[in-house]
Structures are given as structure tokens and as C-alpha cells.
Amino acid sequence: MTPILEELGPETRERLSALMRSRTYDAGEEIVSYQSVEHDLFFIQQGTVRVTIYAENGKMVDFRTMSEGAMFGEIGVIDGGPRSASVFATETCQVGRISRDQFWELLVDEPDFNAALLRHLSGLVRNLTTRVLEYSTLHGPRRLVLEIIRLAEDTGVDDGRVELDVFPTHHDLAARISSHREAVSRQLSELMKGGLLEKEGRRMVVKDLNALRAICTPTD
């Protein structure tokens, strides 16, 4: 998904930048708390964050990881309701924020901000719809492959070799696809043995993105 800041004109981006109050968060520090009632809108200026919820039984449900240029907190700032998820810094990161009043002023005054927000929300709906379908109809190994494909496509590469510099841990991947760490470890090992993936330190290399996609393509 294209970060919303890249879609704004220079004047709107400058106005937004002037409104932002910035803060640095350490790795693991909570930025937004699930069910909290403050309504600022956040923009990642540097680093990465993770959006997640912990269920009553302690199981983590991981929604997405976001990096520089991305926005979060948009649901609460629009409807005024409690936060729908928690957001944690996955590394030292800098995050800017604007108030709900400032957000609505931008929405009314700046058509490009309005349009970019609508495209962003449409992308969220499409992404969530796809994930619900996957959870309802696909078994774990195929959900894992689709998640790796999403990570690869987020780099902007369409096909061929894709290098994922910071690959999620097995625990994080399991949380994203509603599986468990042992199953993810086993499935990743099988993909590497099959020559589709290659591990280089923390980096994971997709050897051929189209070949990985072919696993999830229905055959007659």
C-alpha cells in the first residue's frame, strides 16, 4: 500500500509537517493502547511499528507492520471511538501526530488529503476482506505463502528475486496468519528446501516471486 504522504501535493505536505508533534519511541514501546480514547492521528517518520491485539487468553493477533510514511489511528480519529488495536514500535522510531481537530481541518481544506485518505481506507478494506477469506478457506501453509508474497510485493518488486531485509520472526508470522510458531518453522524449512526461499542472516530472499505465486494459483 502506498504511504499516504507520497500522494500529497507539496503545499499539503508542508502544512501537515508544520502541524506535527514528533516523538521518538524505543523498540517495544507502546504508541497506541487498545481501547484507549485519545484520538490523535499518527504518521511514521522513521522506523517501523506493529499493529496488534492480545486476546483474553494471551494469544497475539498481529494485523500488520508499517514503516516510514505510513499512517495509523485513522479509525479513531474519524469516528471518535476507542482504539481498535495497539501499536508498538518494533525498533527505535520517530512518529509525528496531529490532533483530531487538525485532521478534520485538513480533510475539509485539502482535497488531495481527502482523496488520499479515501484511497487508503479502500486499501484497508480490501486487505481485511482478503485476510478474512484466507482465514476462512485456506489451510496454514498456503496462508503463510500468501503472507510472504505480500511482504515481497510491499518492496515494490513485481517478479524475480526479492530481498526482504527485515523478515518477521516465526512467532510474528504465526500471529499474522493465525497459526503457531512450530508450524511456521516447519513450513519455512520446506520452502527453503524446495529452493523458493533462502535465509541470509535476518534477511530472507524470495528466489523467484512468480514461482512462489504459482503455489497459490489454482490448477484445473
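The model is predicted, so local features need pLDDT of at least 70 and side-chain atom pairs count only at pLDDT 80 or more, while totals for chains, interfaces and linings use all residues. Residues are numbered from 1 along each chain as its sequence is written, and side-chain values use heavy atoms, with hydrogens and water left out.

**Stop 1: helix α7**

Select residues 181-193, which make up helix α7. Helices (H or I, at least four residues) and strands (E, at least two) are DSSP runs, numbered from the N terminus. Helix α7 has 13 residues and reaches 18 Å from its first C-alpha to its last, close to the 18 Å expected at 1.5 Å a residue; the expected span is 1.5 Å times one less than the number of residues.

Now colour Ala183, Val184, Gln187, Leu188 and Leu191, the buried residues of α7. They lie on the same side of α7 because they cover an arc of only 130° around the axis, the arc being that of the directions from the helix axis to the C-beta atoms. Buried means under 20% relative accessible area, exposed over 50%, and partly exposed in between (1.4 Å probe, protein chains only). Turn to the face away from the buried side to find the exposed residues Glu190 and Lys193.

Next, show α5 (140-153), α6 (170-177), β10 (197-200) and α8 (209-215), which are among the elements covering the buried residues of α7.

**Stop 2**

Select Gly195, which follows α7 and has a positive phi, near 80°. Then show β10 with strand β11 (residues 203-206): the two run antiparallel and are joined by four bridges. Two strands pair if DSSP finds at least two bridges between them. Glu200 stands opposite Arg203, and Leu197 stands opposite Val206. β10 and β11 form a hairpin with two residues between them, and Gly201 in the turn has a positive phi of about 65°.

**Stop 3: Arg15**

Move to helix α1 (residues 10-19) and select Arg15. Arg15 is partly exposed, with a relative accessible area of 27%. Leaving aside neighbours within four places in sequence, Arg15 is in contact with Glu105, Leu106, Asp109 and Glu110; contact means heavy atoms within 4.5 Å. The side chains of Arg15 and Asp109 make a polar contact (3.1 Å). A polar contact is a pair of N or O atoms within 3.5 Å; within protein, one must be able to donate a hydrogen and the other to accept it, and residues adjacent in sequence count only if both atoms are side-chain atoms.
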